[in-house]
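Subject: Structure handover

Dear colleague,

I am passing on to you the structure that follows, and below it you will find my notes on what was found. Please read them with the structure open beside you.

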Amino acid sequence: MHRILVIDDEESIRELLKDFLVSKGIEVVTASDGESGINLLKEEKFDLFLLDLMMPGMSGLDVLQEAASEKINVTSVVITAHATVQTAVEAMRLGAFDYITKPFNLEELYIAIKRALDVSRLQAENIRLKKELKKKFNFRKIIGKSELMQEVIKFIEKIADTDSTILITGESGTGKELVAKTIHYHSSRSRKPFVPLNCAAIPKDILESELFGHEKGAFTGAVSARIGRFELANNGTLFLDEIGDLAPSLQVKLLRVLQEREFEKVGGIKTIKVDVRIIAATNKDLEKAVTEEKFREDLFYRLNVIPLTLPPLRKMKEDVPLLLEHFISEISKKKRREPLKISREAMNCLVNYRWPGNVRELENLVERLIIMKDDEIITVNDLPERLHNKTPLNTASIKGHVLSSKGVDLNLMLDEIENNMIFQALEISRGVKSKAAHLLGLNRTTLIEKLKKKAIEFNLPENKIQ
Ligand SMILES: Nc1ncnc2c1ncn2[C@@H]1O[C@H](COP(=O)(O)OP(=O)(O)OP(=O)(O)O)[C@@H](O)[C@H]1O
Ligand SMILES: [Mg+2]
């Protein structure tokens, strides 16, 4: 039920309006002067207020002014004498939604009220949706407690609300697109479009018209004019994904837009000016591509204003349990399943795995496990083969390690061996840390320190570890 406040100094009009609106199923509160009206607006919740402009003391315009400065966000319809339409216009400038002139017809008033309520409902809905969208891309969406990830998040917070071009690099599945969106939704451009374009997925000869648009008849098949992604992204952000795959001819054209912020449509002569923030991403080594002359050096420097590198998941092992928990809870909710638990041994495999496909690989694995599992504990046997060879018993001996011609990441390898030994010790000692420490020749506090630092066990709530 709607709730309306009527502010009018004439009792007969208050009564008339009240009876009429109540008969339409609306709850009505009345106020006989501006002061009590504004107080009610401050204290109670209304969907709309009806306001007489000509009142002794605080006038209707004063009420509107006060409501605006108090940020009272309630829509209003003002009632004015025929002679003072000028004031009505002033009232609308102060935020009134509509006005009606005296003498008024009640049905006409009702139509104005309904329209105001409709519009304000739509506006409220719009604000709610925008908030939701923002929530969707808030920083909490980026999971990671590791030092590396926390650094990334802090950096994003710092650079989000600038207009600078950003070049995001990182292996496949490290969250480049997620980060690009997060940056956009935390910039002052957030209400304008975020327009993605995957430079690798679109054939070279279509890409130019995708970027810049084309005029009717610009080429065979161009039956009507079309606007490109640059124009679509005007005042917003253009996300150029897989920029390393951009063809040389288009690299020149992109360079020009970045320098001059203007371009022409394919087949067009009119110069179009745009205000677009560019975020580019690639999993290629662009600097290397520059030295190999596959990527223009001048374009590289135009894009690499703020470089942001996303670390691979294997360098943030302590984030694996957090990410697992996050995706298990999200995907279970979506599929209406009880959240899965993970056995300690399986967790060991997951933490120590190299994750070549990074977070995306982990997300896909969780989804598959949730679909495949009937009972609720994931054990090593549920994990795909590729994750198995890192189980504690298989790598117990380090004698067999042979340095291949590709080399190794020694720190990572030592870390894996350390993790494996710690897990085995904990397993043999059934979790009694003093015993495990003894088996490893460490003292208890050193072991606890290590466990904390690795956060292998502690990052997951107790009930998730069997
Ligand atoms: N830190 C993170 N926290 C939560 N989810 C993440 C994180 N990193 C990545 N994801 C999720 O992993 C998936 C892959 O991320 P995204 O598509 O952003 O990666 P990408 O780097 O663009 O990969 P590609 O190079 O393959 O295009 C997405 O579903 C994304 O939401
Ligand atoms: Mg991507």
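Between which domains does ligand 1 lie, and why? This is a predicted model, and in it both domain 2 (143-311) and domain 3 (316-464) give residues to the shell around ligand 1, so the ligand lies between these two domains. The shell consists of 15 residues, of which the closest to ligand 1 are Ile143, Gly175, Lys176, Glu177 and Val359. Two or more residues of that shell come from each of helix H7 (176-185) and helix H15 (358-372). Sorted by class, the shell holds 4 nonpolar, 7 polar and 4 charged residues.

The other findings concern helix packing. The axes of helix H17 (residues 410-428) and helix H18 (residues 433-440) come within 8 Å and cross at roughly 130°, and H17 and H18 are therefore oblique to each other. The crossing in which H17 passes H18 is right-handed. On the H17 side the contact involves Met421, Ile422, Ala425, Leu426 and Ile428, which meet Ala436, Leu439 and Leu440 in H18, and by class this contact has 8 nonpolar residues, with no polar and no charged ones.

H18 also packs with helix H19 (residues 444-454), their axes coming within 8 Å and crossing at roughly 100°, which makes H18 roughly perpendicular to H19. Here Lys433, Ser434, Ala436, Ala437 and Leu440 of H18 make the contact with Arg444, Leu447 and Ile448 of H19, and the residues involved divide into 5 nonpolar, 1 polar and 2 charged.

Terms used. Residues numbered from 1 in each chain as written. Chains lettered and ligands numbered in written order. Predicted model: local features only at pLDDT ≥ 70, side-chain atom pairs only at ≥ 80, totals over all residues. Near = placed C-beta within 6 Å. Helix = DSSP H or I, 4+ residues; strand = E, 2+ residues; numbered from the N terminus. Nonpolar A, V, L, I, M, F, W, Y, C, P; charged D, E, K, R; others polar. Domains from an automatic or database assignment. Axes fitted to C-alpha atoms, helices over the stretch in contact; angles between N-to-C directions. Parallel < 35°, antiparallel > 145°, perpendicular 65-115°, else oblique. Left-handed = near helix turned anticlockwise from the far one by under 90°. Contact = placed C-beta atoms within 7 Å.
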